[in-house]
Amino acid sequence: MSLTAKTVSELATHVGGRLFGDGNISIKRVASLDSAGEGDIAYVEVEQLYAAAADSRASCLITAPGTNVNVPCRIEVKNPKLAFALIAEVLHPPKQRRPEIHHTAVLSSGANIGADVFLGAFVCLGENSTVGDRTQIRAGAKIGDNVRIGSDCVIHPNVFLEDGVTIGSGVIIHAGVVIGADGFGYVRGEIGYHKFPQIGTVVIEDDVELGANTCVDRGALGRTRIGRGTKIDNMVHVGHNCDIGERVVIAAQTGISGSVIIEDDCVIGGQVGFGDHIRVLSGAIIGSKAGILPGKIVRPGVWWGIPIQPLDEYKRLNAHIRRLPHVRQELKELTERVRVLEGQLTSSEE
């Protein structure tokens, strides 16, 4: 449910849109076209949904300029989906908890806690760790020693921040995330493996969001970094000494080996596998289930497949693969015809 309500006129101003209809209508919630009712706002951006939009019971619609939908009230903007998200932020702000330190929280004597902080049940805060103003740390989260957490962060239940990591401001860390565990680094000896030092750190910059059960390993000797504004989905693994740039999006179940560099504004699909020491250049888009061999440089463009290749080449290869059963049948028929012809030639020679 919404915690607030705004008039259509106020929302149009907020998103820089053009209003058609009654600007005094009160909007309480965002909703989909089919579920919207009185007090709701929805959006439409593709022609296939124009009919559904015309039938929607929403009090207001967000549309692109020139959209041919006859509705009593609408807001025209260049990017309806973005405007919908911005309005959702206003109507459905994140849940705020009143400042509190739960009586079961365990705080070291050297911890430094800012103003208006919420610390939930069984939170542990280590020596010389700092929590910024208005940050919420929810039940069961464990914060190690010498950790720095900025202001206005939300750290969900059962998150583990290991010793020495740094978290910026406005960061959201969902349940079960582990930041700063040792990286997977071993050296083969005469008998078995010896652990390579994992004594570096992790730096998470401002406005990053990490999905549930994601793991970010500490650097071996340096740092692992996730840049400002990057969004990472659930169950992603970021190996030691990776450097992920700003405004990168990474979908679920992607695995990133050590020392990978992903530059700014890249898009990574789900279940992508990265070998070590790869560099992905700014603006590259890598499709789901792709595989990238160690040491490769991925240039700007759209890439897919195992190993990755430009999308057009991947499509052509898939088209050829789909024809393989037909080609196999043709080959069997040709082989049989050749066998028959060879038999006829042999008979004529005799």
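Which residue's side chain meets that of Glu336 in a salt bridge? The partner is Arg339, with 2.5 Å from N to O. A salt bridge here is a side-chain nitrogen of Lys or Arg within 4 Å of a carboxyl oxygen of Asp or Glu, and by this rule the count comes to 11 salt bridges. Side chains of opposite charge can pair when their charged atoms come close.

This is a predicted model, in which local features need pLDDT of at least 70 and side-chain atom pairs count only at pLDDT 80 or more, while totals for chains, interfaces and linings use all residues. Residues are numbered from 1 along each chain as its sequence is written, and side-chain values use heavy atoms, with hydrogens and water left out.

**Helix 1**

- Helix 1 covers residues 8-15, and in it Val8, Leu11, Ala12 and Val15 are buried (buried means under 20% relative accessible area, exposed over 50%, partly exposed in between, with a 1.4 Å probe and protein chains only).
- These four residues lie on the same side of helix 1, because they cover an arc of only 100° around the axis (the arc is that of the directions from the helix axis to the C-beta atoms).
- After helix 1 comes Gly16, which has a positive phi, near 65°.
- Helices (H or I, at least four residues) and strands (E, at least two) are DSSP runs, numbered from the N terminus.

- Glu336 and Arg339 are three residues apart in helix 5 (residues 324-349), so about one helical turn separates them.
- Glu336 is partly exposed at 37% relative accessible area, whereas Arg339 is exposed at 52%.

**Salt bridges between separate parts of the chain**

- Lys195 and Asp182 form a salt bridge in which the closest N and O atoms are 3.4 Å apart.
- Lys195 belongs to strand 23 (residues 193-195) and Asp182 to the loop between strand 21 (178-181) and strand 22 (186-188), so this pair ties together parts 13 residues apart in sequence.
- Lys195 is partly exposed, with a relative accessible area of 44%, and Asp182 is also partly exposed, at 40%.
- Arg247 and Asp265 meet through their side chains in a salt bridge of 2.8 Å, N to O.
- This pair links distant parts of the chain, 18 residues apart: Arg247 is in the loop between strand 30 (243-244) and strand 31 (249-250), and Asp265 is in the loop between strand 33 (261-262) and strand 34 (267-268).
- Arg247 counts as partly exposed at 43% relative accessibility, and Asp265 counts as partly exposed at 35%.

**A network**

- A network of salt bridges links Glu205, Arg225 and Asp243.
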